[in-house]
Structure formats: C-alpha cells, structure tokens
Amino acid sequence: MNPLLEDMENAFTGSQSSHAAFHDIHSINPTQLMARIESYEGREKKGISDVRRTFCLFVTFDLLFITLLWIIELNVNGGIENTLEKEVVKYDFYSSYFDIFLLAVFRFKVLILAYAVCRLRHWWAIALTTAVTSAFLLAKVILSKLFSQGAFGYMLPIISFILAWIETWFLDFKVLPQEAEEENRLRIVQDVSERAALIPGGLSDGQFYSPPESEAGSEEAEEKQDSEKPLLEL
C-alpha cells in the first residue's frame, strides 16, 4: 500500500480514538454527579451512619436484656429488696450476679462513648470490652458457685458472653468495612466531578466531528484518475 495512505489511516485512527475518549468524559452528567455528592454529604451530615446506629441499638439491647434477666433473678430468689441487699450490699464474688450486670454497664458506656459520641473508626474499644468481658466471665464461671443456683447460673454468663462477641463481629465485619466503602465511593465521585468540571460545557460533538472512513478501493481509484488526467489532456 502507498505510504501516504498508511499515514492517512494512522492519523485518522488517532483522531478517532482521541475523539472517543473525549466523548466518554464529556458524556458524564454533572447533574447526576451533584445528586450523588449531595446524597453522600447528607449521610455525613447525619453524624452517624445507619449501620453504626444499628450497632449502638444492639449495644443498648445488650444492657437492657442483661438488666431484665438480673431483675428476674432477683424476683425469683426471694424478692427484689432482700436479694438486692444480699447481692449488692453484701456482695460476694462467688454467689452474686451483680457483677455481671456491672459488666454490661461497662460495655455499654465504653462502646457508646467510643462509637456514638466520639465516632471512633477503629476496633480497639470493642476489643477492650470483649477481652475484659471474656476474661471476667471465664474467671467467674471457674471460681464461683453459680451453677448450684439454678438456671440463672448458666444463663447470665453464657448470654453475656455471646452478646459481647456478637457486638465484636458486627462492628468488625459490618460497621467498619461498610463505612470505609462509603468513604471510597464518595472520594471517587468527588474526583470524577472535579475532572468533569474542568471540561468546558459549551463544547459539542460537532466541533470534534471526524469524516466517515472511506474504502481503500475508492481512494486508489481516485489516485488512478488523477494520474490519468494529464495523459488525456496530452
């Protein structure tokens, strides 16, 4: 093939690819981008994400559920007033359930302070509460005489242990990863919107119009006709 034709085809291919790239960038809808940014910023203005709010509700449920079980245990073992005096005023590590209730209060205060008030985005607070809860309950079960006091001797330590580990799982596998993903999405949308803002809005596809590609046979025919014209004139 003629080198001139090859150069023309290469130039045409380059212009076509650059026009396609520009068209892809220019086809981004700024209205949609702004709507997405406003939605993400609206979530940030809430101060707390939906998944974190669910986590805080579960922490509150943990405290209320342990408190309910402890009050039921107080009523079962001889009335609230008498049992309160026995378990709180005359506290005994080996036979009292009051420390399990205080353990639930400890978890509630630390987790709500860290993840609702301070909006912490790290796992160290939940790791602290779960480690303290697990160590204390293991020592309580091994050293105390709770198993000889009926069903509550089994229920309160086991339920408290399970709830603490469910909170750890929920924060580590749901709250933190989902919030990190939302932040990445917001960052990507903002980057795209900034790039789209750099493109002039008045440009149209007609300004970057490229003529349709013609067939190679027709170009060769035109060259032959041009070369034959001087001969005909002679």
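Predicted model: local features only at pLDDT ≥ 70, side-chain atom pairs only at ≥ 80, totals over all residues.

Biologist: Then is Y115 buried or exposed?

Modeller: Y115 has a relative accessible area of 0%, so it is buried. F55 counts as buried too, because its relative accessibility is 1%.

Biologist: And how do I read a pair of aromatic rings?

Modeller: You describe the pair by how far apart the centres are and by the angle of the planes. There are twelve aromatic pairs in this structure. In one of them, F55 and Y115 sit edge-to-face, 5.7 Å centre to centre with 90 degrees between the planes. F55 belongs to helix α3 and Y115 to helix α5, so this pair ties together parts 60 residues apart in sequence. Ring pairs also join F55 and Y115 with W169, F170 and F173 in a cluster.

Biologist: What about two packed helices?

Modeller: There you give the angle between the axes and the distance between them. For α3 (residues 50–76) and α5 (residues 98–117), the axes come within 9 Å and cross at roughly 165 degrees. That makes the two helices roughly antiparallel. Their crossing is left-handed. Among the residues making the contact are F55, V59 and I66 of α3, and F101, F108 and Y115 of α5. By class, this contact has 16 nonpolar, two polar and three charged residues.

Biologist: How do the axes of α3 and α4 cross?

Modeller: At roughly 110 degrees, coming within 7 Å, so α3 and α4 are roughly perpendicular. That contact includes W70 and L74 of α3 and I80 and L84 of α4.

Definitions and conventions
Residues numbered from 1 in each chain as written. Heavy atoms only, no water. Axes fitted to C-alpha atoms, helices over the stretch in contact; angles between N-to-C directions. Helix = DSSP H or I, 4+ residues; strand = E, 2+ residues; numbered from the N terminus. Parallel < 35°, antiparallel > 145°, perpendicular 65-115°, else oblique. Left-handed = near helix turned anticlockwise from the far one by under 90°. Contact = heavy atoms within 4.5 Å. Nonpolar A, V, L, I, M, F, W, Y, C, P; charged D, E, K, R; others polar. Phe/Tyr/Trp six-rings, centres within 6.5 Å; stacked < 30°, edge-to-face > 60°. Buried < 20%, exposed > 50% of the residue type's maximum accessible area, 1.4 Å probe, protein only.
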